[in-house]
Structures are given as structure tokens and as C-alpha cells.
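Here's a quick briefing to read alongside the model. Have the sequence and the 3D view open as you go through it.

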Amino acid sequence: MKNNNIILMGFMGVGKGSLARELSKLTGRVSIDTDDLIESMENTRIKKIFEKEGEAHFRAIEKKLSHWLEQSVKDAIISTGGGFFHVGNLQEIGHVIYLESSFNAILDRINTFENAKKKLKKRPLLKNIAKAKELVSERHPKYMACADTIIQTEGKSSQQIAKEIIKNVIEKNAETEAK
Ligand code: S3P
């Protein structure tokens, strides 16, 4: 039995965090973010974890966190880091939503922010744009394989996407459970 969480999955910069906050506001559910939790667990920034201990260490913390989410978190909105799909137990944690977008639309989105440079800098895997583009293509089938629901995000606001998720996922799941 799933824990009734909503898991937001997708590439860096697609808007998982903003969407989680919007969904939280509209549904009253608590939203949490795996990167924020990891920064608290390690008492440092993601960027520093990559620099000092390497990506493998970061992935191991994600895995540890995924067990805690499965055991301890219910009815929440969970936004995940772009590589969190590797943990292997997403299905046990909740309903997995893949937020799909082309890489160009993601870059356009990031560049609309005043602090775009900061947003790019804090993500080690976005440092090299050519490599990040390859990573999008490599990950797309993996995201698809983990997803319960796929949502196209291009050209939509967080509020529009949140309303789509409430109607097509949260309300439908509640109806199914009530039967
Ligand atoms: C990563 C995405 C980042 C963060 C880390 C690794 C990835 O999170 O977890 O830098 O592998 O795609 P966001 O998707 O929130 O940027």
C-alpha cells in the first residue's frame, strides 16, 4: 500500500520546487524537498557535497533518505532532485509524476529568473550545458519507466500544472480509495 504521497520527478530546473509549493498551498498538504532534506542531514550545500565527497556519496544519501520517506512520510508533496529516480523504491513512497519538458524550455525557464546565474551555479550537473543536454536524453526513458503519470509542463504556469495534478491525480486517487 502506497503512502499517498505525491512525488514530483523530472530534470533540474523543470519547476518541481515551485510546483510543490503551489500544490501545498492549494491542497493544504505539507511539501518537502529531497535536496533540502539532504542539505539539513549533511549540514552543507549540495554543491559542496559533490565537490568534497563526490556524486556517489550524494546518491548514497538519496538512497538512505528514500528509505526514510517510505517508512515515515504520508500524505505529503515530495519534490525530488533530478537524479532521485535511481533510488529504486519510488513506487513504495507514492504516486510518481514525471514533469516532462524539452531541455531548451528548461533553460528558457531558468533564464527568466533574476537569480538565473545562482540557479545554474548551485547545480553541479548543469555546469556543462552540452553534457546536461545529453543527460536529459539519457534520463528521459528512465523517468518514463518510473512514472505513474506524465505531465507536459512547457508553456504552463505552476498554478496550471498544480490544478491539472489535483484534478487528474489527487481527486482521482481519492475517488478510487473511497470505492
Ligand atoms: C541533480 C539534481 C539536483 C540535485 C543535484 C543532482 C541531478 O536537484 O539533486 O544537483 O542529478 O539531476 P534539482 O533537480 O532540484 O535541481
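Helices (H or I, at least four residues) and strands (E, at least two) are DSSP runs here, numbered from the N terminus. This is a predicted model, where local features need pLDDT of at least 70 and side-chain atom pairs count only at pLDDT 80 or more, while totals for chains, interfaces and linings use all residues. Residues are numbered from 1 along each chain as its sequence is written, and side-chain values use heavy atoms, with hydrogens and water left out.

**Where the ligand sits**

- You'll find the ligand in the largest pocket. A pocket is an open set of points on a 1 Å grid over the protein atoms alone, where a 1.4 Å probe fits and there is protein on both sides within 12 Å along at least five of seven lines. A molecule sits in one if more than half of its atoms lie within 2 Å of its grid points.
- Among the 14 residues around the ligand, the nearest are Lys16, Asp35, Arg59, Arg123 and Arg139. To count as near, a residue needs a heavy atom within 4 Å of the molecule.
- By residue type, the shell around the ligand splits into six nonpolar, three polar and five charged. Asp, Glu, Lys and Arg count as charged, Ala, Val, Leu, Ile, Met, Phe, Trp, Tyr, Cys and Pro as nonpolar, and the others, Gly among them, as polar.
- Helix H3 (46-53) and helix H4 (55-72) each bring at least two residues to that shell.

- Lysine 16 has a side-chain N or O atom 2.5 Å from an oxygen atom of the ligand.
- For aspartate 35, the distance from a side-chain N or O atom to a ligand oxygen is 2.7 Å.
- Glycine 82 uses its backbone: a polar atom there is 2.8 Å from an oxygen of the ligand.
- Taken alone the ligand exposes 380 Å², and the protein buries 95% of that. These areas come from the Shrake-Rupley method with a 1.4 Å probe; for residues, only the protein chains shown count as cover.

- Is asparagine 5 buried or exposed? This residue of strand S1 (residues 5-9) is buried, because its relative accessible area is 1%. Buried means under 20%, exposed over 50%, and partly exposed in between.
- A polar side-chain atom of asparagine 5 lies 2.9 Å from the backbone oxygen of isoleucine 93. Asparagine 5 and glutamate 92 are 87 residues apart in sequence, with their C-alpha atoms 9.6 Å apart in space.
- Asparagine 4, in the segment before S1, has a positive phi of about 65 degrees without being a glycine. At 26% relative accessible area, asparagine 4 is partly exposed.
- Asparagine 43 also has a positive phi, near 55 degrees; it belongs to the loop between H2 and H3 and is exposed at 71%.
- For context, most residues other than glycine have a negative phi.

- Serine 40 is part of helix H2 (residues 34-42) and counts as exposed, because its relative accessibility is 58%. The serine 40 side chain reaches the backbone oxygen of aspartate 36 at 3.0 Å.
- Lysine 47 belongs to helix H3 and is partly exposed at 28% relative accessibility.

Methods. Polar contact = N/O pair within 3.5 Å; in protein donor to acceptor, adjacent residues only side chain to side chain. 1 Å grid on protein atoms, 1.4 Å probe; cavity = no way out; pocket = protein on both sides within 12 Å on 5 of 7 lines; lining within 4 Å. Buried < 20%, exposed > 50% of the residue type's maximum accessible area, 1.4 Å probe, protein only.
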